[in-house]
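Have a look at the structure first, then read on.

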Amino acid sequence: MSYPDDPSPALPAQQAELFAAAAAGYDRYRPGVPAEAAELLADVLHDLPDPTLLDLGTGTGQVPKALLEVLPSLAHVEGVDWSRPMLDQARAALTPLLGSCTLSLVQTSADVYKPLAPLPGEEWWTPDLITCCRAFHWMSGPDVLAMAHRVAAPQASLAIMGDGSLWTYEADWTRALRHLIQQYLGPGRRAGAMGDYPQPIRPFQEELADSAWSDVAEHRFPITRAWTPESVLGYLRTTSFAGADLFADRHAAFEEEARALLDDLTDDGSLMEESVFTVLLARRPTGAR
């Protein structure tokens, strides 16, 4: 399969621009998918002859990248994101890893995604695995899960994954950093130009339980990360809660103050994060397909 990119839909400007400016920094500063989680996903696809992946909110392609590294038999990847700069970054990151795997990138929001029409002589494709990593909270959960039910292969699995952020991680250094951000941007957690971040109304597990994807297993992978002041500042520039645009002409002052704060709080140059990467691996019960 070798589809062209889908024409750009008319997305809300604030959504389309939310992460656009951060695309170049994602691969450098955002943590990737842990190897253990990638192996779990690979096991789901291991016995299929030509496994296919649909990655929702793909960003710069971190999930396909992790899977391509552990599953050489992966036959096709389709990445969906509303940000063209993110998709351009994903193509640059994934192309050297593809081998015989084909790649399609679709600029749209996940809830209205439809598979691209095949070229003459090719068949419609159906994903064997649908993934969403660190992005489901930006989406209309019920609509996305219903869409996934419509497009997925009969035996398909769906994985919702994530590990929070430095805003939610509780440590002395993250609490001090969060307080500094709030001094500049106000007490609420920002969501880019859209205002304050809307907290998810329901846990993801409840949304899955009320969908066709109600057979859910939770997998938790402890992870340890060592940050430096420089990598923390780079990470913050890619976020919706502390991106450079939110500070306007005060961003340089914020970074100077944040660097001094983080330098004071480092332990031998490192800022440690002890977190858990969670994978909600869901299937449809027999008879629900």
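The axes of H7 (residues 172-185) and H11 (residues 251-265) cross at roughly 165° and come within 10 Å. Such axes are lines fitted to C-alpha atoms, for helices over the stretch in contact, with angles from 0 to 180 degrees between N-to-C directions. The crossing of H7 and H11 is right-handed, meaning that the near helix is turned clockwise from the far one by less than a right angle. On the H7 side, the residues making the contact (heavy atoms within 4.5 Å) include Trp173, Leu177 and Tyr184. H11 contributes Phe254, Leu261 and Leu265, among others.

A word on where these values come from: this is a predicted model, in which local features need pLDDT of at least 70 and side-chain atom pairs count only at pLDDT 80 or more, while totals for chains, interfaces and linings use all residues. Residues are numbered from 1 along each chain as its sequence is written, and side-chain values use heavy atoms, leaving out hydrogens and water.

**The whole chain**

The chain has 11 helices and seven strands; these are DSSP runs numbered from the N terminus, with helices (H or I) of at least four residues and strands (E) of at least two. Of its 289 residues, 50% are buried (under 20% relative accessible area; exposed is over 50% and partly exposed in between, using a 1.4 Å probe and protein chains only). Among contacts with a separation of 6 or more, 82% join residues 24 or more positions apart.

**The cores**

Which residues touch the most other members of the largest nonpolar core? They are Leu67, Leu74, Met161, Phe277 and Val279, in a core of 31 residues. A nonpolar core is a set of buried Ala, Val, Leu, Ile, Met, Phe, Trp, Tyr and Cys residues joined through side-chain atoms within 4.5 Å. H3 gives this core its largest share, seven residues. Apart from this core lies another, of 27 residues, with Leu56, Val80, Leu116 and Val144 among them.

In H3 (35-45), the buried residues include Ala37, Leu41 and Leu45. The buried residues of H3 pack against E1, H4, E4, E5, E6 and E7. Ala37 is also one of the contacts of Phe277, along with Val33, Cys133 and Met161, among others, once neighbours within four places in sequence are left aside.

**Single residues**

| Residue | Relative accessibility | Class |
|---|---|---|
| Leu48 | 24% | partly exposed |
| Thr278 | 16% | buried |
| Cys132 | 3% | buried |
| Cys133 | 11% | buried |

Leu48 sits in the loop between H3 and strand E1 (52-56). Setting aside neighbours within four places in sequence, Leu48 contacts Asp128 and Gln155. Thr278 belongs to strand E7 (residues 271-283), and its contacts beyond four places in sequence include Ile160, Glu218 and Arg220.

The structure holds zero disulfides, a disulfide being a pair of cysteine sulfur atoms within 2.5 Å.
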